[in-house]
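Let us walk through this structure together, one step at a time. Have the sequence and the 3D view at hand as you read.

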Amino acid sequence: MIIDYAPDYTYPLYRPPSEAYSLIFQITEGCSYNKCTFCGMYVDKKFSLKPFEKIKIEVERMPEKYRLNVRRIFLADGDAVSYPTEGLIKILDYLNDRFPYVERISSYAGPHAIMKKSIDEWVEFKKRKLNLLYFGLESGNNEVLELMNKGMKSDKVKPKVIDIQEIGINFSVMIILGAGGKLLSDAHVCDTALWISQVNPKYLGMLTLFIRRKKDYFDKIQTPTVGDLITESRKIVENINGSGIIFRSNHISNFVTLKGVLKEDRDRLLNQLDYTLEYIRKNDLFDKYPDYYREEF
Ligand code: SF4
């Protein structure tokens, strides 16, 4: 069945798991940066801004009876908040007007957009219900970030993230297990846990590094084993000293599904990880390499 009021998408289109029930408008295509060595999400998409008039047509196609039920909107693609401020405000005003009961507008936010927009600009977005940003920190360690070619330093973006949180925009921060390979694992764990503890984001997601349409990064690191990855997750959980952080490690790339609040649920999560570590040791799985390090996977 063709639903003629669905927005026009180009694929692949990614969204966070927690936006499964949100209405998605793709106001940009691709990623404005697109140079991270580990990321193949938008390798074959050229970055572009969707003109306001096109977005307007997509919204207008949706019957009012559906629009009135929309509570959450996610703006795609990879870094939609990099949209020039004047245009983004126009889009947000329009969405608020046409979806009067929307409660949350969210987007992925790359470090460059976070840094480039001033706090006054973020205040204007927040007034228009842009109140959740998904931010891929990946690692709190600058050496790891350099290897990944993230184009940012974790200590530089940290104060800006804290300032944006203070005006009421929440962050969902993503970190990556195995991001530093075997060699930088300790530094990755230590600096990532410290960054998260100091920023205390509302949400924290932990994924595992895996090959997706781009292999460059994996040629540079000594890939961790299943045991290394689970040990790393244990150390990160153990060292986060924040409070009330809603923590999820339930991506398809993870070996152990973890859900809780940090650090309130820390002991329970550590017990779960200890049990898993004991199990993989007993079953000779500790030194195995995950299947998703194979390119053909
Ligand atoms: S990780 Fe994020 S910022 Fe880096 S290329 Fe991929 S989508 Fe763009």
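Two residues are in contact here if their C-beta atoms, placed from the backbone, lie within 7 Å. Keep in mind, too, that you are looking at a predicted model.

On the α10 side you will find V226, G227, I230, T231, S233, R234, V237 and E238, and they meet R266, L269, L270, L273, T276, L277 and I280 in α11. Sorted by class, the residues of this contact divide into eight nonpolar, four polar and three charged. Now look at the two helices as lines. Helix α11 covers residues 266–282, and its axis comes within 10 Å of the axis of α10, with a crossing of roughly 165 degrees. Angles over 145 degrees count as roughly antiparallel, so α10 is roughly antiparallel to α11. As for the hand of the crossing, α10 passes α11 in a left-handed way.

Helix α10, residues 226–239, also packs with helix α8, residues 185–199. The axes of α8 and α10 are 9 Å apart, and the angle is about 30 degrees. An angle under 35 degrees counts as roughly parallel, so α8 is roughly parallel to α10. The crossing of α8 with α10 is right-handed. From α8, the contact uses S185, V189, C190, T192 and A193, while α10 brings D228, E232, K235, I236 and N239. By class, the contact of α8 with α10 has four nonpolar, three polar and three charged residues.

Let us move on to the ligand. Which residues surround the ligand? They are C31, Y33, N34, C36, C39, M41, Y42, G78, G110 and G136. The shell around the ligand has six nonpolar and four polar residues, and no charged residues.

A cis peptide bond joins A76 and D77, with omega at about 5 degrees. To find D77, look in the loop between β4 (72–76) and α3 (85–98). Another cis peptide bond joins L262 and K263, and its omega is about 5 degrees. K263 sits in the loop between β10 and α11.

Phi angles give us two further stops. E138 is not a glycine, although its phi is positive, at about 70 degrees. This residue belongs to strand β6, residues 130–138. Is E138 buried or exposed? Since 20 or more neighbours make a residue buried, and E138 has 26 C-beta neighbours inside 10 Å, E138 counts as buried. D284, a residue other than glycine, also has a positive phi, near 55 degrees. You will find D284 in the segment after α11. With 8 other C-beta atoms within 10 Å, D284 is exposed, because the cut-off for exposed is 12 or fewer.

Our last stop is S253, in the loop between β9 (245–249) and β10 (258–262). S253 has 17 C-beta neighbours inside 10 Å and therefore counts as partly exposed.

Conventions. Residues are numbered from 1 along each chain as its sequence is written. This is a predicted model: local features need pLDDT of at least 70, side-chain atom pairs count only at pLDDT 80 or more; totals for chains, interfaces and linings use all residues. Helices (H or I, at least four residues) and strands (E, at least two) are DSSP runs, numbered from the N terminus. Axes are lines fitted to C-alpha atoms, for helices over the stretch in contact, and angles run from 0 to 180 degrees between N-to-C directions. Angles under 35 degrees count as roughly parallel, over 145 as roughly antiparallel, 65 to 115 as roughly perpendicular and the rest as oblique. A crossing is left-handed if the near helix is turned anticlockwise from the far one by less than a right angle, and right-handed if clockwise. Ala, Val, Leu, Ile, Met, Phe, Trp, Tyr, Cys and Pro count as nonpolar, Asp, Glu, Lys and Arg as charged, and the others, Gly among them, as polar. A residue is near a molecule or strand if its C-beta atom, placed from the backbone, lies within 6 Å of it.
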